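Let's walk through this fold together, from the order of its parts down to a few single residues.

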Amino acid sequence: MRISSLGYTIKEGFVSLFRNKWYTLASVATISACLFLLGAFAAIMLNLQYIVNNVQREISVTVFFQSGTTEEEMLALRDQLILRDEVDHVEYTSADEAWESFAEELGVTDYLDGFVDNPLADSASLTIYMSDVTLQSELVDYLESQDVVRRVNKSELAATTLGSLNSLVGVASVGIIGILFLVSVFLISNTITIGISIRKEEINIMKYIGATDFFVRFPFIIEGVLIGLIGTAIPLTALYFVYNNVIIAIVTRFSSLSSLLGFLDVKEVFQILVPLSVAIGVGIGFFGSVFTCRKHLRV
């Protein structure tokens with residue numbers, strides 16, 4: 001296609017927006033509403049995931065050793081654990097550190113010198129913090145298979161709950177995105193169909209004088225993409241201000257809650273939300289137009 005022809009088809013795509021302005025507005029409004037709901041849902045899910053990950057990092061597995069295990073053997077196991085994918089980091093607590101910590105909790109640190117031997121001589125331990133709590137059972141199986149390990153303390157309920165919550169977030173996200181995508185494609189399809197009906201006679205004349213299929217279809221594709229872009233820009237702008245104000249309100253009015261949970265900064269959320277929304281918005285416009293042209297524009 002020549003540059004002049006390409007420029008004409010792009011121009012026609014813009015003109016079509018105003019030729020069917022009420023249907024264009026309806027499509028833009030629908031896409032905007034869908035993407036606003038999607039963005040709000042995504043922001044909630046991202047923050048929920050952030051909170052879950054923070055809680056996950058606080059869940060640990062504690063390992064206690066058999067009597068007579070040397071510090072070198074304990075540290076060797078620690079070094080092996082650090083290399084495992086599901087392990088975030090490992091903290092080693094010696095028997096002396098355990099006794100000092102216990103005495104401090106009881107408030108009897110002044111009497112430590114009265115003990116010739118450490119009452120907690122076999123209490124050295126490794127505290128293992130995980131990067132993926134759903135793999136806790138695999139880690140526990142590995143630890144229990146080690147000869148130097150006497151006991152493994154774990155939180156099965158917390159691991160199961162967090163794993164289920166992660167799965168629920170994933171399934172819900174895919175389901176909501178799928179529903180909103182289908183609704184938006186339906187609206188775009190209706191708008192393009194009406195545009196084709198209005199220009200049916202003009203399209204027939206263009207075909208009689210030798211216009212190619214691409215030349216006829218391309219303006220409708222441009223129209224769909226533009227609708228998708230406009231329908232994306234509006235909710236993103238609204239979400240930016242809404243998210244900022246909501247987070248500020250929560251931090252201001254519920255400071256104790258925010259300090260416990262924590263929230264993602266608006267820039268972190270929009271690093272994910274902007275490309276996701278643009279891809280969905282433009283994708284809806286493009287594929288909605290292409291499928292509609294193939295169905296209704298037999299040229």
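Going along the sequence, the protein chain runs α-α-β-α-β-α-β-α-β-α-α-α-α-α. That makes 10 helices and four strands, where helices (H or I, at least four residues) and strands (E, at least two) are DSSP runs numbered from the N terminus. What you're looking at is a predicted model, in which local features need pLDDT of at least 70 and side-chain atom pairs count only at pLDDT 80 or more, while totals for chains, interfaces and linings use all residues. Residues are numbered from 1 along each chain as its sequence is written, and side-chain values use heavy atoms, with hydrogens and water left out.

Of the 299 residues in the protein chain, 39% count as buried; buried means under 20% relative accessible area, exposed over 50%, and partly exposed in between, with a 1.4 Å probe and protein chains only. The chain exposes about 16,900 Å², and carbon and sulfur atoms supply 63% of that. These areas come from the Shrake-Rupley method with a 1.4 Å probe; for residues, only the protein chains shown count as cover. Now for contacts (heavy atoms within 4.5 Å): among those between residues at least 6 apart in sequence, 83% join residues at least 24 apart.

Next, the inside. In soluble globular proteins, nonpolar side chains tend to be buried together. A nonpolar core here is a set of buried Ala, Val, Leu, Ile, Met, Phe, Trp, Tyr and Cys residues joined through side-chain atoms within 4.5 Å. The largest one has 18 residues, and Val61, Val63, Leu81, Leu126, Ile128, Leu139 and Leu143 touch the most other members. Strand 1 (60-65), helix 3 (71-82), strand 2 (87-93), strand 3 (125-130), helix 5 (136-144) and strand 4 (149-153) each supply at least two residues of this core. Apart from it lies another core, of 11 residues, including Ala43, Leu236, Ile247 and Leu273.

Zoom in on Met74, which sits in helix 3. Its relative accessibility is 7%, so Met74 counts as buried. Leaving aside neighbours within four places in sequence, Met74 is in contact with Phe65, Thr69, Tyr92, Ala124 and Leu126. Met74 and Val148 are 74 residues apart in sequence, yet their C-alpha atoms are 8.0 Å apart in space.

Is Asp147 buried or exposed? Asp147 counts as exposed because its relative accessibility is 72%. You'll find Asp147 in the loop between helix 5 and strand 4, with its C-alpha 8.9 Å from that of Phe65, 82 residues away along the chain.

At 12% relative accessibility, Ala42 counts as buried. Ala42 and Ile272 are 230 residues apart in sequence but 9.1 Å apart in space, C-alpha to C-alpha.

Helix 2 gives the most, with seven residues. The lining has 16 residues, and Ala40, Ala43, Ile44, Tyr243 and Val246 lie nearest the centre of the pocket. By class, 14 of the lining residues are nonpolar, two are polar and none is charged.

Notes
1 Å grid on protein atoms, 1.4 Å probe; cavity = no way out; pocket = protein on both sides within 12 Å on 5 of 7 lines; lining within 4 Å. Nonpolar A, V, L, I, M, F, W, Y, C, P; charged D, E, K, R; others polar.
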